[in-house]
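I opened this entry to log a few look-ups. The structure comes first, my notes after.

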Amino acid sequence: MFAHGQTIIQYVERLAPKSLAMEGDKIGLHVGTLQKKVKKVMVALDVLESVVDEAVAEGVDLIVAHHAVIYRPLKHIRTDLATGRVYEKLIKHDIAVYTAHTNLDVAVGGMNDWLAEAIGLTHVDVLDILHRDAWKKLVVFVPVTHRDAVFAAISEAGAGHVGNYSHCSFQVEGTGTFLPGEATNPHIGIQGRLEKAEEVRLEMVVPASRQSAVIKALLAAHPYEEVAYDIIPLEQSGDAFGIGRIGNLPKPMTLREMAEMVKERFSLKGLRVVGDLDATVKKVAVVGGDGSSFVSKAIFKGADVFLTGDIGYHTAHDAGADGLSIIDAGHNIEKIMKEKLASYLQQQCRDNGYQTEVVASKVHTDPFQFV
């Protein structure tokens, strides 16, 4: 059994909800349709002609990419030009393209967490907070016989997560009453007779971003025709969401040593460094892609060094003058998302009984090389 295209994208958006994307970002379905069964998915950083050729050769039905295949407004689709050939091949071979960009950057457990993990950062926090997820409380009444099933389902969907703890709940047993009407088909009791049932009042916190998924899981697991539940807004806020991460290296090292470590961890032949190579660094800010606009935030947060890409000449001068070292490892270090997202999607497919195969693109798409 193969997963439906929409099902694959539900898994992507479970990790990186579209609501996390920055305003104006070109995310979502760019080419093709998701209304089909998907035998093979390819995860790619960029959708270049060489990547599409790889997808055709591999028999791929869906490409999940980080960078948009349609970023600027199209003036034409000329198949005698490289860009036009990309669209032509995608359409001819019925390959859909879906993009998860800044929503994947911002997501907890997404791009910037993967980068921070790759260089071993500890005590990691968000570099530039965009918003905090509102918390709500779910209160639901469940027959004792289905307590564990409902609890497991909504916990898996995202309820009950507090800090590093999961499955947090309050449960108390009591008696529920109801009188089934003529048009009902009650799980417990019979029509026209007042029924009493031993039930559990189950309370769990739910991030606003996970509310719809939790309610869907609740209704699927609950045995009643009409499920009694409340959603109560709370004053507390949950996880912080934003661009970049900041944390500490496991132990201090020189800027030179860190640069060599970054080269090794991301399989780079070279990178650019701003700062004294013999200076000791410990606190590190990281932003995948173009981090130029986050230099001041890295300085404000007290970073010793900023790992990112696409730093401009004058920006580098200004950062150095303010005492911030920079390791410009290039935009392409975001290639880490190929294996990470592919592994996540493959596990989701396996866990749900689908035979859909998920692979990472092997094509190297960095336009720069060192000579």
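I started with Thr-356 and its accessibility. This is a predicted model. Thr-356 comes out at 0% relative accessibility, so I log it as buried, the cut-off being under 20%.

Next I placed Thr-356 in the fold. I find it in the loop that runs from helix 11 (336–351) to strand 15 (357–360).

Which backbone atoms lie by the polar side-chain atoms of Thr-356? I noted the backbone nitrogen of Ala-3 at 2.8 Å. I also noted the backbone oxygen of Val-38, at 2.7 Å.

I moved on to the nonpolar cores. The largest has 71 residues. Leu-62, Met-258, Val-262, Phe-266, Phe-306 and Leu-341 touch the most other members. Helix 11 gives the most to this core, with 7 residues. Apart from this core I find another, of 18 residues, including Val-31, Val-47, Val-86 and Tyr-87.

How many aromatic pairs does the structure hold? I count 1. I also logged a charge over a ring: the charged end of Lys-26 sits over Tyr-71, 5.6 Å from the ring centre.

Conventions:
Residues are numbered from 1 along each chain as its sequence is written. This is a predicted model: local features need pLDDT of at least 70, side-chain atom pairs count only at pLDDT 80 or more; totals for chains, interfaces and linings use all residues. Side-chain values use heavy atoms; hydrogens and water are left out. Helices (H or I, at least four residues) and strands (E, at least two) are DSSP runs, numbered from the N terminus. Buried means under 20% relative accessible area, exposed over 50%, partly exposed in between (1.4 Å probe, protein chains only). A polar contact is a pair of N or O atoms within 3.5 Å; within protein, one must be able to donate a hydrogen and the other to accept it, and residues adjacent in sequence count only if both atoms are side-chain atoms. Rings of Phe, Tyr and Trp (its six-membered ring) pair if their centres lie within 6.5 Å; planes under 30 degrees apart count as stacked, over 60 as edge-to-face and the rest as tilted. A charge sits over a ring if NZ of Lys or CZ of Arg is within 6 Å of the ring centre and within 35 degrees of the ring normal. A nonpolar core is a set of buried Ala, Val, Leu, Ile, Met, Phe, Trp, Tyr and Cys residues joined through side-chain atoms within 4.5 Å.
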